[in-house]
Amino acid sequence: MFEKLTQHVNERQLQLQLVLEYGSQAFNLDTPESDFDYLVVVSQNADQYLGLNDYTRSWKNYVEENATFQFMDLKRFFQLAQLSNFTLYVGLQNVRFQNNDLQHLPKPAEFSCSRLAHHCLGLVDNNSQRQYMKAYSSLFVMFLMQNGHLPNSLDYRFLLENTKDVPVDVKALLEMKRSGVKYAT
């Protein structure tokens, strides 16, 4: 699958740095019908970063079969990692490709609990987020608040087992997603 992605990246004169998996499969909420979501971190030629010209910061998603590849520039990746971005936290635990030249990746264990919680609360309030992701994000925040540390697993069942007083609606939404039910509102 990554052969076509590599060709797509090369055609745009980019260098593939990382491929991170971050969709429902990362939370064990996928079904046989689920697609796969990947964050593709790319870099550009060095002269693009010198400030003489505006460098490209985003590219259209690339879809292949049942996989969606979202692109991010390497500079932006490191900026968001410094902010303990939740998507990167998830993706860095699910690295599917890493360029051998890229030696020093941010460590998910060093991400800030409070920044992750803040980002997840933003996902809960985001109307464009899917309902299951809002439920998962709220569960993740409850885990952080009750336990005071990052979880050992992103599996939704682990979070449920290690979080007290999870609202029934949150549990129901996660179980519906795991069962393949699409909940629209």
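Reader: Which residue of strand 2 stands opposite leucine 18?

Author: Good place to start! In this predicted model, leucine 18 faces valine 41 of strand 2. Strand 1 and strand 2 run antiparallel, and six bridges join them.

Reader: And how does strand 2 pair with strand 4?

Author: Here the pairing is parallel, with seven bridges between strand 2 (residues 36–43) and strand 4 (residues 67–73). You can find two of the facing pairs yourself: tyrosine 38 has phenylalanine 69 of strand 4 as its bridge partner, and valine 42 stands opposite aspartate 73 in strand 4.

Reader: Is strand 2 mostly covered or mostly open?

Author: Strand 2 is mostly covered, with seven of its eight residues buried.

Reader: What about glutamine 17, buried or exposed?

Author: For a single residue, look at its relative accessibility; under 20% means buried. Glutamine 17 has 5%, so it counts as buried. This residue lies in strand 1. Leaving out residues up to four places away in sequence, glutamine 17 touches several others, among them Val41, Val42, Leu74, Phe97 and Leu102.

Reader: Now the helices, please! At what angle do helix 4 and helix 5 pack?

Author: Helix 4 (residues 113–125) and helix 5 (residues 131–147) pack at about 150 degrees, and their axes are 8 Å apart. Angles over 145 degrees count as roughly antiparallel, so that is the label for this pair of helices. Their crossing is left-handed.

Reader: Which residues make that contact?

Author: Helix 4 contributes residues including Leu116, Cys120 and Val124, while helix 5 contributes residues including Lys134, Phe140 and Leu144.

Reader: How do the residues of this contact divide into nonpolar, polar and charged?

Author: Ten are nonpolar, two are polar and one is charged in the contact of helix 4 with helix 5.

Key. Residues numbered from 1 in each chain as written. Predicted model: local features only at pLDDT ≥ 70, side-chain atom pairs only at ≥ 80, totals over all residues. Heavy atoms only, no water. Pairing = 2+ DSSP bridges. Helix = DSSP H or I, 4+ residues; strand = E, 2+ residues; numbered from the N terminus. Buried < 20%, exposed > 50% of the residue type's maximum accessible area, 1.4 Å probe, protein only. Contact = heavy atoms within 4.5 Å. Axes fitted to C-alpha atoms, helices over the stretch in contact; angles between N-to-C directions. Parallel < 35°, antiparallel > 145°, perpendicular 65-115°, else oblique. Left-handed = near helix turned anticlockwise from the far one by under 90°. Nonpolar A, V, L, I, M, F, W, Y, C, P; charged D, E, K, R; others polar.
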